[in-house]
Amino acid sequence: MKISTKGRYALRLMMDIAMNDTGEPVRIKDISARQDISIKYLEQIVSILNRAGFVRAIRGPQGGYRLVRKPSEYTAGMVLRLTEGSLAPVSCLDYEENDCPRQETCGTLELWKRLDDAIKSVVDSVTLEDLVDWQRQKKDDYVI
């Protein structure tokens, strides 16, 4: 499993909004400049986040985007599942009900289940707030 640019950029976009929330909406062109991601691609991603109710669009010349909830209320898993779909390492684990005809005799199924559980435990325990904190620590490490 590989996380696409859409998933990675969605997390960066959400982090950028959280880090630059001064009470005013965060403009997509500012996010684009800070994150070095094209405005067009960010607009596609923010549209997905907006439709899902993760961000709110504010229209007008002073418009932009705001998080709907606090950063601590979003997990990396929520954002990645929204943009990537299933994070399961194999297709037979995409759904709650495994309908694979080989599941009773599959010697590798336990490996895939353990890998799936490990992925879920990480992405579902890391919040947007954690990511923001980690980003701020990285910036603080470079202050001389």
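This is a predicted model: local features need pLDDT of at least 70, side-chain atom pairs count only at pLDDT 80 or more; totals for chains, interfaces and linings use all residues.
The protein contains six helices and two strands. Read from the N terminus, its elements follow the order α-α-α-β-β-α-α-α. Along the principal axes, the C-alpha atoms of the protein occupy a box of roughly 60 × 40 × 25 Å.

Two packed helices are described by the angle between their axes and the distance between the axes. For helix α2, residues 28–35, and helix α3, residues 39–51, the packing angle is about 115° and the axes lie 9 Å apart. The crossing of these two helices, α2 and α3, is right-handed. On the α2 side, the contact is formed by I28, K29, I31 and S32. On the α3 side, the contributing residues are I39, L42 and V46. By residue class, the contact of α2 with α3 consists of five nonpolar residues, one polar residue and one charged residue.

The two strands are β1, which spans residues 55–58, and β2, which spans residues 64–67. Strands β1 and β2 run antiparallel and are joined by four bridges. Within this pairing, R56 has R66 of β2 as its bridge partner. Together, β1 and β2 make a hairpin, with five residues between the strands. The turn of the hairpin includes G60, whose phi is positive, at about 110°. In a regular strand the side chains alternate between the two faces of the sheet.

Helix α5, residues 109–123, supplies the largest share of the lining, with four residues. In terms of residue class, the lining of the largest pocket comprises seven charged, four nonpolar and three polar residues.

The features described are the right-handed crossing of α2 and α3, the hairpin of β1 and β2, and the largest pocket, to whose lining α5 gives four residues.

Methods:
Residues are numbered from 1 along each chain as its sequence is written. Side-chain values use heavy atoms; hydrogens and water are left out. Axes are lines fitted to C-alpha atoms, for helices over the stretch in contact, and angles run from 0 to 180 degrees between N-to-C directions. A crossing is left-handed if the near helix is turned anticlockwise from the far one by less than a right angle, and right-handed if clockwise. Contact means heavy atoms within 4.5 Å. Ala, Val, Leu, Ile, Met, Phe, Trp, Tyr, Cys and Pro count as nonpolar, Asp, Glu, Lys and Arg as charged, and the others, Gly among them, as polar. Two strands pair if DSSP finds at least two bridges between them.
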